[in-house]
Amino acid sequence: MKHPVFKAKIFIPSKGIDLRVNSSRLMYGGFIFLITIASIASQLNLSLSIDYLIRTLLFSLLGLILFASYWGAHENEKKFGKLEGEVRISLDSIDFNNSKYSWSQIDQVKFGVFAILGEKLWSDTYPIARYYGGPAYSQGVDSFIEFKFDGDKVKVFFQLESPSHKVELKRLMRLLFFHDRIDLSTTYLGLNLEYEEIQKLKKAKIKYFEDQHSNFSS
């Protein structure tokens, strides 16, 4: 029986300081300048011409803040880094960057499963939060696998491109647990399961091996 292989694009975070302008920086930067200039101006006796310039500047900053709010409500996330290479996770190994790590060689495995590409980053119960500065939609690159190899920590971020891609990863994680590649805590933390779901997962593992044994016997 051929087992599935999960494949995903690797995201490599960039080092250094991200100086790119986004909606959030534009909005809160505008707030800071608006409050600072208004506070200073209120303490000074300004001539009519200077007062007019200050008012124009304050209204311009207010317009900038409103623009940033609109931008943030539609902005797509662009993390500081790049998509490069591919990670492959199977029952046999984890492969990436021309390196192959078998499950017997690694320990302390952790999975992080987060938003997919294009998934909204605000809550349906509090949708106004999308206007407080973006981004509004995820780039889908926060998910990761982490493990120890020869005493060194290895962590790989990857992109989840669609709902089906995320389901594919979760199915593989369950299969890894069924075959004792990862332990129970790694599985339910990675899948973000509640207590009742954890009990179902335990029972599913027992049934899986019963079915496997039955198929092998027949």
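# A chat about cores, hairpins and helices

Student: Which residues have the most contacts inside the largest nonpolar core?
Tutor: Ile89 and Ile145 do, in a core of 32 residues. A nonpolar core is a set of buried Ala, Val, Leu, Ile, Met, Phe, Trp, Tyr and Cys residues joined through side-chain atoms within 4.5 Å. Buried means under 20% relative accessible area, exposed over 50%, partly exposed in between (1.4 Å probe, protein chains only).

Student: What should I know about the model before going on?
Tutor: The model is predicted: local features need pLDDT of at least 70, side-chain atom pairs count only at pLDDT 80 or more, and totals for chains, interfaces and linings use all residues. Residues are numbered from 1 along each chain as its sequence is written, and side-chain values use heavy atoms, with hydrogens and water left out.

Student: What does Ile89 touch?
Tutor: Leaving aside neighbours within four places in sequence, Ile89 is in contact with Pro4, Val5, Phe6, Ile94, Trp103, Phe111, Ile145, Leu172 and Leu176. Contact means heavy atoms within 4.5 Å.

Student: Ile94 is on that list. Which residue is its bridge partner?
Tutor: Ile89. Strand 2 and strand 3 pair in the antiparallel sense, over two bridges. Pairing takes at least two bridges found by DSSP between two strands. Three residues link strand 2 to strand 3 in a hairpin.

Student: Which way do the residues of strand 3 point?
Tutor: Ser93 and Asp95 point one way, Ile94 and Phe96 the other. All of them are buried. In a regular strand, side chains alternate between the two faces of the sheet.

Student: How many bridges join strand 3 to strand 4?
Tutor: Four, and the two strands run antiparallel. Lys100 in strand 4 stands opposite Asp95.

Student: New topic: helix 3. How far apart are its end C-alpha atoms?
Tutor: They are 23 Å apart. At 1.5 Å a residue, the 16 residues should span 22 Å, which agrees. That expected span is 1.5 Å times one less than the number of residues.

Student: Which residues of helix 3 are buried?
Tutor: His165, Lys166, Leu169, Leu172, Met173, Leu175, Leu176, Phe177 and Phe178. Just after the helix, Asp180 has a positive phi of about 60 degrees.

Student: And which are buried in helix 4?
Tutor: Thr186, Thr187, Gly190 and Leu191. They cover an arc of only 110 degrees around the axis, so they lie on the same side of helix 4. The arc is that of the directions from the helix axis to the C-beta atoms.

Student: Now two glutamines. Is Gln43 buried or exposed?
Tutor: Gln43 is exposed, because its relative accessible area is 67%. Its place is in the loop between helix 1 and helix 2.

Student: Is Gln159 buried or exposed?
Tutor: Gln159 is buried, at a relative accessible area of 5%. Its loop lies between strand 7 and helix 3. A polar atom of the Gln159 side chain lies 3.0 Å from the backbone oxygen of Gln139.

Methods
A polar contact is a pair of N or O atoms within 3.5 Å; within protein, one must be able to donate a hydrogen and the other to accept it, and residues adjacent in sequence count only if both atoms are side-chain atoms.
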